[in-house]
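Dear colleague,

I am passing on the structure we spoke of, placed just below, and after it I set out what was found. Please read the notes with the coordinates open beside them.

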Amino acid sequence: MGLFRWVPLLLLLHQLCLQISSSSSGSVWMSSYPLERAKEPEFFEWMVGIRRRIHENPELGYEEFETAKLVMRELEDLGIRYEYPVAVTGVVGYVGTGKPPFVALRADMDALAMQESVEWEYKSKVPGKMHACGHDTHVAMLLGAAKILKERQEELPGTVVLLFQPAEEGGGGAKKVIEAGVLEKVEAIFGFHIASEIPIGVVASRPGAIMAGSGFFEAVISGKGGHAAIPQHTIDPILSASNVIVSLQHLVSREADPLDSQVVTVAKFQGGGAFNVIPDSVTIGGTFRAFSKESLLQLKQRIEEACDQGTSSRAEVQRHGDFLEKDRPLFPVTVNNKDLHEHFLNVAGDIVGLRNIRDQQPLMGAEDFAFFTEVLPAYYYFVGMKNETRGPMPPAHSPYFKVNEEALSYGAAMHASMAARYLIEARPSGSAAARGGHDEL
Ligand SMILES: *[C@@H]1O[C@H](CO)[C@@H](O)[C@H](O)[C@H]1NC(C)=O
């Protein structure tokens, strides 16, 4: 009897508490709450399960059909609205008010064409394909962030766009996502990569250029084959190709500013198969990298010229495929927005603590997140997973690549907090939506 008299009062108190928590909107996001949530055993195991299922069934760029299905099923379970397909196999989910401002979080979904050499229970079941770059964890972590955000949806003054992107590994999936128009009203985008060489619990980044721009090249050098003992009757493409390679080595060492980091690597040299035959042609190919658009385009032009001029006067160079941009678009430089660096420091300070934020040196690796940094304010960082006591961690793209799954909680928490706090506190006052832009995405 007594209890019944108390029920209305309890309800009232409950209502009051709800009001207080939503009126102090943002408080959970200004704390380590997202990390604590993502570390709770049930939550953590759920992410681990997702990551392992994706790891067992790796799919290459623009073929992420099963991965996309898994993502959609999880979003449905969470009650999150999504669009599919975006950019062939991409999935885009929406959490929050459904109204502006919009902020995006990105995870890449594709695996690599390589055989896994790690013997473990959840080893890749697909011969010749492996998640050796951790994109399986990126998907699990973005779903983790989706869950944290959805649970606190009332405390989001705007909409978080969850971008599950195809084909990061050379296919330029980010470019297709932009072309699909799903980011048109988005004010800022965040992404990260797990890192084997950064300790667990540590995050790292820098303002400005963080990952190089990159391109690929291929040239076929044609001569005239013949007997190796009678070179005077041949035009030797092997010698010509060697001259081209020497010329290519001058581009960075003799022409570039030593303070402007660049690289040209010839990684492919194919021609001839016998000890006593000069082949008809040789194919060379490789990659070039730089930290500014100007340097990248300059390298591209000089590689073209070196391939033309570096050959002997008698050999002809036929450049077929050239810069292979149809299949492997030139990746721009990944440039972190300077204001968003401040935002990253604020968020990371609450999630991992100031002591656990590191400055990241720029990396020669390229990342197709760069396409986003060209069209909207964007920020890319690294989430550590090294744990010395568990032994060395082979680097990404190694057939022995391993993941410390404890990093899942950190990635999920960073993602969730980066987005939520952007909506709450980090938006520039003059931004499009703040000027009263669009109502719906
Ligand atoms: C590193 O791994 C050990 C052994 O599994 C574990 O006890 C420890 O908590 C881990 N350290 C961190 C910082 O996660």
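**Helix α4 and its surroundings**

In this model, which is predicted, the buried residues of helix α4 are Thr67, Ala68, Leu70, Val71, Glu74 and Leu75. Viewed down the axis of α4, these buried residues fall within an arc of 160 degrees, so they line one face of the helix. The buried residues pack against α3 (41-56), β1 (81-86), β2 (90-96), α5 (135-151) and β4 (159-165). The helix itself, residues 65-78, has 14 residues and reaches 20 Å from its first C-alpha to its last, close to the 20 Å expected at 1.5 Å a residue, and α4 is followed by glycine 79, whose phi is positive, near 75 degrees.

**Backbone details to check**

Two cis peptide bonds deserve a look. One joins tyrosine 84 and proline 85, with omega about -5 degrees, and proline 85 is placed in strand β1; the other runs from proline 100 to proline 101, with omega near -5 degrees, and proline 101 sits in the loop between β2 and β3 (102-108).

Positive phi values also occur in residues other than glycine. Alanine 87, in the loop between β1 and β2, has a phi near 55 degrees, and alanine 87 is buried, because 23 other C-beta atoms lie within 10 Å. Alanine 167, in the loop between β4 and α6 (173-179), has a phi of about 50 degrees, and alanine 167 is likewise buried, with 25 other C-beta atoms within 10 Å.

**Strand pairing around β12**

Strand β12 (residues 281-290) runs antiparallel to strand β8 (residues 213-222), the two being joined by 10 bridges, and glycine 215 stands opposite phenylalanine 288 of β12. Strand β10 (residues 262-270) is also antiparallel to β12, through 8 bridges, with phenylalanine 269 opposite isoleucine 284.

Valine 244 lies in helix α7 (residues 237-255) and counts as buried, since it has 26 C-beta neighbours inside 10 Å. Valine 244 and glutamate 305 are 61 residues apart in sequence, yet 9.8 Å apart in space, C-alpha to C-alpha.

Finally, the ligand is surrounded by Ile200, Gly201, Asn387, Thr389, Arg390 and Glu406, a shell that comprises 1 nonpolar, 3 polar and 2 charged residues.

With kind regards

Terms used: Residues numbered from 1 in each chain as written. Predicted model: local features only at pLDDT ≥ 70, side-chain atom pairs only at ≥ 80, totals over all residues. Near = placed C-beta within 6 Å. Nonpolar A, V, L, I, M, F, W, Y, C, P; charged D, E, K, R; others polar. Pairing = 2+ DSSP bridges. Helix = DSSP H or I, 4+ residues; strand = E, 2+ residues; numbered from the N terminus. Buried ≥ 20, exposed ≤ 12 C-beta atoms within 10 Å, placed from the backbone. Expected span 1.5 Å × (residues − 1). Arc of directions from axis to C-beta. Contact = placed C-beta atoms within 7 Å.
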